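Subject: A structure for you to look at

Hi,

Here's the structure I promised to pass on. Have a look at it first, then read my notes below.

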Amino acid sequence: MRIRNKPWASDFIAQNPQYIIPNPEELKGNWHKLFGNDNPIHIEVGTGKGSFITGMAKANPHINYIGIELFESVIVKALERVIELGAPNVKLLQVNAADLLNYFAPSEIGQVYLNFSDPWPKKRHEKRRLTYKGFLDIYKEILIDNGEIHFKTDNRGLFEFSLLSFNEYGLKLNYISLDLHKSNFEGNIMTEYEKKFSEMGQPIYRCEVQFV
Ligand code: SAM
């Protein structure tokens, strides 16, 4: 992700606390109250500029969505999309996924989406991959029993690593496609990276795995 410095981003974020939540640790265990309903809460980790999370929120009004993104200069674009959508079922958090246990209580989350996560190709950086065991421990803790991770990527190396990581963790593989756009999977919502890479003719890998 190319990150441009946006000096106005901090002010814009501070002006929209109803969409991009300040002090999320105060909501741990109480996210349903914030949404004002008991609908499932799905999170996208590494949400980028928000095409996916806003598309999902629009398509599925009875699910609550939270987009999680590390960088202010990236999440502001997602914030613009969330404001434009104006839907009550999508919020954003500008936090590090490594700290998710500070923000969500056990079993508070219904599903995790990982889309085009940074591949961190060097072996010495593998712990930073969002499908590494350390992150799976976090997702398991905050997910409901039998919760699922839905993962898409254009990166074959990351996909292979992730399948092995899921398998070593004992996750059940419920769905796999090695070329999502040529499969009969219905209801796919594209991410920014997905648009870019599929326009370049690259296949998109997708899987759904489940904690058992
Ligand atoms: N999901 C988007 C898409 O498919 O277009 C963005 C993909 S981009 C390659 C990966 C995003 O994940 C970046 O915006 C990056 O800042 C974010 N990210 C990476 N590691 C993260 C972490 N530990 N916590 C939160 N966000 C993270």
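Let's start with the ligand. One of its nitrogen atoms lies 2.8 Å from a backbone N or O atom of Gly46. Leu70 also takes part through its backbone: a polar atom there is 3.2 Å from a nitrogen atom of the ligand. With Thr191 it's the side chain instead, where an N or O atom is 2.7 Å from an oxygen atom of the ligand. On its own, the ligand would expose 600 Å², and the protein buries 94% of that. Keep in mind that this is a predicted model.

Who else is around the ligand? There are 18 residues surrounding it, and the closest are Gly46, Glu69, Ala97, Asn115 and Thr191. Sorted by class, that shell has eight nonpolar, six polar and four charged residues.

So where does the ligand sit? It's in the largest pocket, which has a volume of about 610 Å³. The pocket is lined by 29 residues, and Gly46, Glu69, Leu70, Asp118 and Leu130 are the closest to its centre. If you want to find the lining by element, look at β1 (41-45), α3 (51-59) and α7 (192-199), which each give two or more residues to it. The lining as a whole divides into 14 nonpolar, nine polar and six charged residues.

Cheers

Technical notes:
Residues are numbered from 1 along each chain as its sequence is written. This is a predicted model: local features need pLDDT of at least 70, side-chain atom pairs count only at pLDDT 80 or more; totals for chains, interfaces and linings use all residues. Side-chain values use heavy atoms; hydrogens and water are left out. On a 1 Å grid over the protein atoms alone, a cavity is a set of points where a 1.4 Å probe fits but cannot get out, and a pocket is an open set with protein on both sides within 12 Å along at least five of seven lines; lining residues have an atom within 4 Å of a point. Grid points are joined across faces, edges and corners, and a volume is the space filled by probe spheres set on the points. Helices (H or I, at least four residues) and strands (E, at least two) are DSSP runs, numbered from the N terminus. Ala, Val, Leu, Ile, Met, Phe, Trp, Tyr, Cys and Pro count as nonpolar, Asp, Glu, Lys and Arg as charged, and the others, Gly among them, as polar. A residue is near a molecule or strand if one of its heavy atoms lies within 4 Å of it. A polar contact is a pair of N or O atoms within 3.5 Å; within protein, one must be able to donate a hydrogen and the other to accept it, and residues adjacent in sequence count only if both atoms are side-chain atoms. Accessible areas come from the Shrake-Rupley method with a 1.4 Å probe; for residues, only the protein chains shown count as cover. A molecule sits in a cavity or pocket if more than half of its atoms lie within 2 Å of its grid points.
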